[in-house]
Amino acid sequence: MSSIGCTSTSCVDVRAGRTQFEAPLIPAARAGKFIRLLAVTLGAASLAACAQSSVVTQKSELRASRQASVDQDRTTSSMMKRRVAAVRKHTRVASRRDAGGNKTPSHGVASFYTEGTKTASGEKFNTLDMTAAHPTLPFGTKLRVTNVASGQSVTVRVNDRGPYIRGRVVDVSYSAADALGMVGKGVAKVKLDVVSE
């Protein structure tokens, strides 16, 4: 026994307990429009996905460059802190208060230098001038440097920062070192007295 039922959209054939669906034929013109619509939709979806991917990539690159910039700032900041800490390790020879009042002498090792083009004060470096580098005294301070071994002394003007070697209290120019009689050894034990600021 079989029966066939049809509607406007599909037909059903029932034979001996089997059901079979048959789809009606779609006109070719409609199928072509459907395929074109499907192609346009898939193309638009692909372009949207590419655009989204590009935006995500650009945002990731921006985040990475910002992070690198922050890391560099942190590194630079920590390097600056270390540099400041290193400068603070130098012993103070005389403070402003001492310079104006007692003019407390200080002892230590002096060295001399002959290289450089510009001083920390902004002046041009000249080895023939009677100048010195000191870690803390204000620029322009007159400082009497006395060689403890020979008794020779010279008055220098502070126009630079240094020395940056532990245990040394002053770096003098070549002319000042020659007047102190320390050019041969390169260093000498000295006494420092602040003459004027």
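A residue counts as buried when its relative accessible area is under 20%, as exposed when the value is over 50%, and as partly exposed in between. The legends below apply these terms to a predicted model.

**View 1. The salt bridge between Lys191 and Asp193.**
The structure holds two salt bridges, one of which is formed by the side chains of Lys191 and Asp193, at 3.9 Å from N to O. Lys191 has a relative accessibility of 30% and is therefore classed as partly exposed. Asp193, by contrast, is buried, because its relative accessible area is 11%, a value that falls under the 20% limit.

**View 2. The salt bridge between Glu123 and Arg157.**
The side chains of these two residues meet at 2.8 Å, N to O. Glu123 lies in the loop between strand 4 and strand 5 (131-133), and Arg157 lies in strand 7; the pair thus links distant parts of the chain, 34 residues apart. Are the two partners buried or partly exposed? Glu123 counts as partly exposed because its relative accessibility is 29%, and Arg157 counts as partly exposed because its value is 25%.

Strands of a sheet pair through backbone hydrogen bonds, either parallel or antiparallel. Strand 4 (residues 106-112) pairs with strand 9 (residues 187-196) in the antiparallel sense, over six bridges. Within strand 4 and strand 9, Ala110 stands opposite Ala188.

**View 3. Strand 7 and the strands paired with it.**
Strand 5 and strand 7 run parallel and are joined by three bridges; Ala133 has Asp160 of strand 7 as its bridge partner. Strand 6 (residues 142-147) runs antiparallel to strand 7 and is joined to it by five bridges. Thr146 stands opposite Ser153 of strand 7. Strand 6 and strand 7 also form a hairpin, with five residues between them. Which residue in the turn has a positive phi? It is Gly151, with a phi of about 85 degrees. Most residues other than glycine have a negative phi.

**View 4. Asn159 in strand 7.**
Asn159 belongs to the strand that covers residues 153-160. Asn159 is buried because its relative accessible area is 2%, which is under the 20% limit. Which residues does Asn159 contact, leaving aside its neighbours within four places in sequence? The contacts are Thr119, Ala120, Ser121, Glu123, Thr131, Ala132 and Phe139.

**View 5. The cis peptide bond between Gly162 and Pro163.**
The omega angle of this bond is about -5 degrees. Most peptide bonds are trans. Pro163 is placed in the loop between strand 7 and strand 8 (168-172).

**View 6. A nonpolar patch on the surface.**
Phe34, Ile35, Leu38 and Leu42 make up this patch, and together they have about 430 Å² of accessible area. Leu38 lies in helix 1, which covers residues 28-88. Leu38 is classed as partly exposed because its relative accessible area is 42%, between the limits of 20% and 50%.

Notes
Residues are numbered from 1 along each chain as its sequence is written. This is a predicted model: local features need pLDDT of at least 70, side-chain atom pairs count only at pLDDT 80 or more; totals for chains, interfaces and linings use all residues. Side-chain values use heavy atoms; hydrogens and water are left out. Two strands pair if DSSP finds at least two bridges between them. Helices (H or I, at least four residues) and strands (E, at least two) are DSSP runs, numbered from the N terminus. Patches are made of residues with over 30% relative accessible area and no salt bridge: like charges are joined within 9 Å, nonpolar side chains (Val, Leu, Ile, Met, Phe, Trp, Tyr) within 5 Å. Accessible areas come from the Shrake-Rupley method with a 1.4 Å probe; for residues, only the protein chains shown count as cover. A salt bridge is a side-chain nitrogen of Lys or Arg within 4 Å of a carboxyl oxygen of Asp or Glu. Buried means under 20% relative accessible area, exposed over 50%, partly exposed in between (1.4 Å probe, protein chains only). Contact means heavy atoms within 4.5 Å.
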